[in-house]
Amino acid sequence: MMNSSTYSDAIDNSAAGHPVIRTENVSIFYGNFQAVRNVFLDIPKNKVVAFIGPSGCGKSTLLRCYNRLNDLIPGARVEGKITYQNIDLYDPKVDPVEVRRRIGMVFQRPNPFPKSIYENIAFGARINGYKGDMDELVERSLRSAALWDEVKDKLKESGLSLSGGQQQRLCIARTVAIEPEVILMDEPCSALDPISTLRVEDLIHDLKQRFTIIIVTHNMQQASRVADYTAFFNAEAGETGSRFGYLVEYDKTEHIFNAPKEKSTQDYVSGRFG
Amino acid sequence: MSSPNQPDLNPGDFASSEINYSVAQGRKVFGNVMTGLVLFCVALALLPLGSILFMLLTNGLSRLFTDFPSVFTELPPPPLVDGGGFRNAIIGTLVTCFIGALISVPFGVLTAIYTVEFGQGNRLSQFVRFCTNVLSGVPSIIAGLFAYGIVVLAMGTFSAIAGGVALSVLMLPIIIRTTEEGLKSIPREVRQGLVGIGATNFQGVFSVILPAALPFVATGVTLALARAAGETAPLLFTALFNQFDARSLREPTATLSVLIYNYAIAPYKNQNELAWAAALIVVLMILSVSILARTLTSRKVY
Ligand SMILES: Nc1ncnc2c1ncn2[C@@H]1O[C@H](COP(=O)(O)OP(=O)(O)OP(=O)(O)O)[C@@H](O)[C@H]1O
Ligand SMILES: [Mg+2]
């Protein structure tokens, strides 16, 4: 276990406004297979960064490194350095559970807990040591996920009774409730209808005030609508013939979509890929 | 012709191919014969259950009714005395099963939690799973021998406790298996969600995953109880038998199954009748517990 007081000291002392997360020469392996190669990427504070790229280029793999979710995959290994608020996330002294409390995650498939709507939100807050007014926190979190009006009369009902779009917003509310600094979203809208998708995108705009957001998406319009910065990844066959993903280009979203420097980016964002 | 909600379609758009083609007669006959054969086999498979129930009802029911409620409230009579009941055996069965559950439920549930949630396929959990399989194949008389060795000899007396220990050995693998199944039924996404909000493994398992798997655990416990309620061999030399009420858990205790064993082979008509009535009670107990188990499983979340 890490010493949690030194951890928070370090965070408080860190300079505001600088990259929250730095990715320095990161390569990620599953056993002997190299999934991601030599990525350098800085995530600025209170911005939305989109990861785009063809399937299998390692977007999810990289995203999962930021909250050490890859630890749960046997054989997964990270080389290089990822720092969060100047702390090396893969330092042996760092407790992964602590990391995940500060860097929350919303998954591709909505995954509410089999508990009441209220408990879905209260549970995360409680285990993270929230001592304040729980009713107030639940309401605030549901409001910030634009879900309050739809569920305020049925907080006791199971979270599983909601529609897919509502479930996904519940999962966002649950993540917001633990007050992380960064929220990772892996294709959060891929299971949603267009209306719910727009609501989640609006939500991301609002959340940007308080959180730094990294979102993986296959939807070009979505990336251009929500992201301040966009990172384009591609996959390429290496010397041994196995495909590895790498970062092609990372820039302001409008640059990526209107004036990309690389030809492959141009091809991908204009739909002429492959 | 077209209604407002439908696109204009030409009559030709609908396939009008003939469907009155004929299947070869032989194929039809073969199909019918095979269906009949299958139904016959089903009936044959249900025959033993049906005849057991029939025999129990014809032999046991009358005694239950004529002597109601004394079979439930009185003690077994001495030989050649009429009437009587087996309240001590009913209580004894409930008590030994309860002791068995008290021991096997916590161990079983925690073992399953270890193998599924914490061990996650490591050497130890594989070994434990192997042992569970072996344990479920252990003959029940061996479980009784075990309890005899560690409880009866140590306490110096036959007792409900010894019977409970013997039963717990038999209940343990059932509870471990069903709990494991329940835990595995919780989708991976939920586990990811738990990790995503910074829950430790322990917090996740005990506040979310185990509660969601509870219907399975309850099913396992009821199935184990149903199994234990009918066991005779492990009780023969652990709980033994008692003509009277056991005054404590440290005394020989009558149970329904041992009572059936003793009285069914006794040379007295009254005792034989009591054995039939007790057999009916045991089967009804097991039946109702199984139905309870079914309704519990149907409440599952995933
Ligand atoms: N758990 C795993 N074990 C082994 N290899 C994996 C694992 N997860 C992903 N990979 C491999 O790593 C590579 C990158 O996968 P990843 O899921 O990160 O791609 P992605 O960019 O998120 O794709 P998509 O857009 O389809 O979600 C793929 O070649 C994949 O086969
Ligand atoms: Mg992915």
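Trainee: Hi! How many salt bridges are there between chain B and chain A?
Mentor: The count between these chains is one salt bridge, meaning a side-chain nitrogen of Lys or Arg within 4 Å of a carboxyl oxygen of Asp or Glu. This is a predicted model, where local features need pLDDT of at least 70, side-chain atom pairs need 80 or more, and totals for chains, interfaces and linings use all residues. Side-chain values use heavy atoms, without hydrogens and water; residues are numbered from 1 along each chain, with chains lettered from A and ligands numbered from 1 in the order written.

Trainee: Which side chains meet in that salt bridge?
Mentor: A:Arg109 and B:Glu189 do, at 3.5 Å from N to O.

Trainee: And how many residues are in contact?
Mentor: On chain B, 17 residues are in contact with 22 residues of chain A, where contact means heavy atoms within 4.5 Å.

Trainee: What area is buried there?
Mentor: About 1600 Å², with carbon and sulfur atoms giving 71% of that. Buried area is the accessible area (1.4 Å probe) that two parts lose on being put together, summed over both. In chain B, B:Glu189, B:Val195 and B:Ile197 lose the most area to chain A, together 35% of what that side buries.

Trainee: New topic: where is B:Phe202?
Mentor: B:Phe202 sits in helix α8 of chain B; helices (H or I, at least four residues) are DSSP runs, numbered from the N terminus.

Note on methods. Helix = DSSP H or I, 4+ residues; strand = E, 2+ residues; numbered from the N terminus.
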